[in-house]
Amino acid sequence: MDHEQSILTEIKHNLDDDAPRLILADWYSESNDPRGDFIRTQCQMASLDWDDPGYEALQTLNETLLAKHRAKWLKALPKLAGVAWGTHDLAASRSLWWAGRTYFRRGFVELVTYQDYAAYRKNAQAIAEYGLVTHPQFLNMNAQAFEALKREPAMRGMSHRIWEANTESFAHFACREKLQSLTLEECSLHNAGLSRLMEIEFPALQVLDLAYNRLLFSEIDLTQWKSLAKVQWLSLGGNDFAERFQQSDQRIADIGLAAIRRLLSIPFQNLFALRLHSSELSAPYVSEIAAAPSLNRLTELDLSWNDLSGESIRELAKGKFPALRHLHLGTNSLSDPAVISLAEEPSFHTLRRLNLRDNPIGDAGIEAIAQSPYLSNLTHLNIPMLNFGQGGINALIHSTTLNSIRYLNIGDIELNVKTLNDLQRRYPRAIVRKPYH
C-alpha cells in the first residue's frame, strides 16, 4: 500500500505524464489487478488518433473492462455531499452513447461535478487530497464558481453551462495554456463574446463545444481563430448559419451555404468529430460537408435534429470519409428510401455506430439494415421511436450480417414474449429499451 501511495503521489504531481501511470499499471498487473490493463489501455487510447487502426480494439477492451469493474472502482472514491464523480457526457469521452456514465480519463476518474459553489467550498480539501481532478464542473454555475475555476492550475477540461460566459476572463485562467477541453454550452453566448474568445490563444485545445448558444456564423469569421485549426472534436450545433428573420428562402440558403463553406475552409489538422445537430441543415449543406477536404479524417459526424432526407444521404455518400465510424442521424426526415440508400452504399462499410432514432422509418428500412453487407461491422444500432413493426423485428432476428452488435436500442415497441426472447437470443446482452435515448 505504501508503494501504491507513493506512485499515486507521483501521478498527482505529474498529471500530464503517462510514465507514473504506467508504472502503477505494471504494479497492478503483477498482482493480477485488472486496473493495470485498464490504465494501460486508456493511456494508449489517449496517445492515438481516433482513426488509428489500433484505436477501435483498445476502445472495445476499455468498454469491456468498465462493464466488468466500474462499480467496484467507484466504491473506492470518496463519498462527498453535493459531489458526483463524472456523470456527464463530456465531449472528450469520444463516444455517442455514454450519457450518465462516470468518466475515466487515462485510468482514473478525473471529472467531478459540484452541485454548486457551496459544495465546492465544503469539499475542497477532500478533492485536493484525491488530487486527480482535471475536469471540474458545476451544475449551478455562478460568478464565485467561475472565479474558483479560474484559479485551478490542474484543470485540463472545463464545462461551463447555463450561465452567461465572461469570455475575456479565459485569458487570465491559470490553466489556459494547458486547457484541452472547453465546453460553453447554453451560455447565451453571442458573436461579440465569441469574438473576444477568439482573441485568446489556447495552445493545447483539442475539444470545443459551443452548442445551443446565440451564434450567427454568417456574421463571424471563424477562420480567424488560430486555435480552431488544432481542435479534434468540435460541436457547433444549435446555432444559426443564417439569420432567419426578414429574409427570403433563397437569401437564407445563400447566406447559410456561404457561412458553412467558410467554416469548412478552416485547415483542420486532425478533426475527428464534428457535431452540427439542430442547425436546420438540408441536402445542400450536406453536399458542402461531403466536399470538404479538411474532414477526411472524421470518425464521428452528428447531423441529428436537422432537415435531412434521402437526397442528403446520397450527398453524404459522395464524401471521402475513410474512417467514419459514428454517424448520428436522429430526428430528421429520413424514411425507408433514405435508409435503403444508406444500406446499399459501400462507402458506409466503416460504420460501427449508427443512430437513426425518431425518423419515419418502417419495416422496409429496418430490413435493408438487417440485410446490408455494408453495415455488417455495426456494434451500436440506435433505432427507438421509429415506425417499424413485426416485419422489422423479424428481419433483425433473422439477420445474417449484423453479427457484431453489442448495443441495440429498439425503444418501447410492443413485443410478445416469444419475439422478445428470440431477439435477445439473437443479440445476447445487446437489447436496450429506452425510447428517448
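Analyst: What follows covers the helix pair, then a cavity and a loop residue.

The model is predicted. Two packed helices are described by the angle between their axes and the distance between the axes. Helix α1 spans residues 2-13 and helix α2 spans residues 19-30. Their axes lie 8 Å apart, and the packing angle is about 160°. Angles over 145 degrees count as roughly antiparallel, so α1 is roughly antiparallel to α2. The crossing of the two helices is left-handed.

The contact between them involves H3, E4, I7, L8, E10 and I11 on the α1 side. On the α2 side, the residues are P20, R21, I23, L24, W27 and Y28. By class, the residues of this contact comprise eight nonpolar, one polar and three charged.

Elsewhere, a search of the whole structure gives three cavities of 30 Å³ or more.

G238 sits in the loop that runs between β9 (233-235) and α8 (249-264). Leaving aside residues up to four places away in sequence, G238 touches Y212, N213, H277, S278 and S279. The C-alpha atom of G238 is also 9.8 Å from that of N306, a residue 68 positions away along the chain.

Definitions and conventions
Residues numbered from 1 in each chain as written. Predicted model: local features only at pLDDT ≥ 70, side-chain atom pairs only at ≥ 80, totals over all residues. Heavy atoms only, no water. Axes fitted to C-alpha atoms, helices over the stretch in contact; angles between N-to-C directions. Helix = DSSP H or I, 4+ residues; strand = E, 2+ residues; numbered from the N terminus. Parallel < 35°, antiparallel > 145°, perpendicular 65-115°, else oblique. Left-handed = near helix turned anticlockwise from the far one by under 90°. Contact = heavy atoms within 4.5 Å. Nonpolar A, V, L, I, M, F, W, Y, C, P; charged D, E, K, R; others polar. 1 Å grid on protein atoms, 1.4 Å probe; cavity = no way out; pocket = protein on both sides within 12 Å on 5 of 7 lines; lining within 4 Å. Points joined across faces, edges and corners; volume = space filled by probe spheres on them.
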